[in-house]
Amino acid sequence: MRDLTGPVTAPETAWLINVVPVSLTLAATLVVVFMLRERLMQLIVATAVKRAARARQALPAALVPDVALIWTPPALPPATFLGISVGATVIMLLVTSMLFSPIFVAMAVTAPLTAGLVWVLIQVFELRYTNHLERDLTAAVGRMSALLRSGNGYRQSLVKLLDDMDPGPLRAEWRFLIDAQGAPLSSSDGIATPQQVTAALSAQTPSRRHATFLNHLAVAVGQPQDVLVTRVKTAYEALQASDRRRDEAVTQLAQMRYSGMAVGLAGMVMALYLFWTQWDRVVIAYSSPLGMVVGGVVAGALLLPIVGGVLLARADDIDY
C-alpha cells in the first residue's frame, strides 16, 4: 500500500489513492462473475464430476460402479460453491491490498491464497455433509429394521422411510437406492438390481460408517426375508453399540479438546490485540517475503491447538 505518512496536498482525501484501484478491481471481478455465472456453474459441476471420477478410479476394479450407477454426493451445491469462491476472493483481495502495493502484486498474491481458502471451505462442507449423514444413520437403520420385521419388503421399507425422513444427505443417498433400481446397465444387457445399486452406493458415499452398513445390506438384499431382517437388526444393534463407544471416547477427550481450543483462542486474541495496537509495525514486519513465511509459521502455531482440539472431537468407530 502506498505510503501516505509524508506531506500530502489533501490528507483528508488521500485515502482515495488506495481505495480507487482496489474498488475498481473488486467491481470488475463482481461484474465478470455475474456475466459468466452460467458458464462458471457448468464448470463447477464438471469439476465435481471429474473429481468423483478420479475417486472411483482409485477403487479396486471389482468395486468400480457401472456408468448408470454413478452417484455424486451433493456436499456443496454449485451455487453455494460459486458464492463462497467470490466471497473468498473479495476478502483476500481486500486483505492483500492492505499489505502489498501495487494492486497487481496484491492480485498475484490473492490467487494462491484464495485457492487455499476455497479448498479448506470445501473440506469443511464435505465434513459437514458426512456428519449430518452419520447423525441420522442409526435411527434410520432402526426404523428400517422395524419395518422389515413387520413384514414389509426391502423396497417398500425404503419408500416408507423416505416419506418420513427430513431432507438431508441420508435421504438423498437412500433416494438413489430406489431411483437407480431397474436402470439399464452399460456393461451388460441387464438392468440394475437392488444388490448392484446398494454396492455401487457403498463405493461412492463419503461416509465410512454408511459404506460399511451398505456393504452388509448389499449382501442381505438378495437373501430371504428372515435373513434380511436378521442382518439389518444386527447392524442396528452394532451401530448403537458403536455410537455408545464413540460417545464415551468423545467424553474422555473433552478435557483435552477444550484445553487445546482455549489455548489457541487465547493466542489468537493476543495476536489480534497486537495487530490492533501496532498495525504499522505488523505491516512492516510481515510485508517482506521472509516476513510472509514467518507470518505463516506464526499463524500455524496459533491455529495448531484449535485444530488439535477439533481433531480430538472426531472419535470414529466403524467396527460392526
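## Terms and basis of the model

A polar contact is a pair of N or O atoms within 3.5 Å; within protein, one atom must be able to donate a hydrogen and the other to accept it, and residues adjacent in sequence count only if both atoms are side-chain atoms. The model is predicted: local features need pLDDT of at least 70, side-chain atom pairs count only at pLDDT 80 or more, and totals for chains, interfaces and linings use all residues. Residues are numbered from 1 along each chain as its sequence is written, and side-chain values use heavy atoms, with hydrogens and water left out.

## Overall architecture

The protein has 11 helices and 0 strands, where helices (H or I, at least four residues) and strands (E, at least two) are DSSP runs numbered from the N terminus. Among contacts (heavy atoms within 4.5 Å) between residues at least 6 apart in sequence, 67% join residues at least 24 apart.

Of the 320 residues, 33% count as buried, meaning under 20% relative accessible area with a 1.4 Å probe, protein chains only. The protein exposes about 19,000 Å², and carbon and sulfur atoms supply 67% of this area; the areas come from the Shrake-Rupley method with a 1.4 Å probe.

## The loop residue Asn152

Asn152 is located in the loop that links α4 (103-149) to α5 (154-164). Its relative accessible area is 8%, so Asn152 is buried.

The side chain of Asn152 forms a polar contact of 3.2 Å with that of Gln156 and another, at 2.9 Å, with the side chain of Lys160. Leaving aside residues up to four places away in sequence, Asn152 touches Leu147, Ser157, Lys160 and Gln225.

## Packing of α5 against α6

Helix α5 packs with α6 (residues 169-179) at an angle of about 145 degrees, their axes lying 10 Å apart. Axes are lines fitted to C-alpha atoms, for helices over the stretch in contact, and angles run from 0 to 180 degrees between N-to-C directions. The crossing is left-handed, that is, the near helix is turned anticlockwise from the far one by less than a right angle. Tyr154, Arg155, Leu158, Val159, Leu161 and Leu162 of α5 meet Arg171, Trp174, Arg175, Leu177 and Ile178 of α6.

## Packing of α7 against α8

Helices α7 (residues 194-204) and α8 (residues 208-221) have axes 8 Å apart and an angle of about 165 degrees. The two are therefore roughly antiparallel, a label for angles over 145 degrees. Residues making the contact include Pro194, Thr198 and Leu201 of α7 and His210, Leu214 and Val221 of α8. The crossing of α7 and α8 is left-handed.

Key:
Buried < 20%, exposed > 50% of the residue type's maximum accessible area, 1.4 Å probe, protein only. Parallel < 35°, antiparallel > 145°, perpendicular 65-115°, else oblique.
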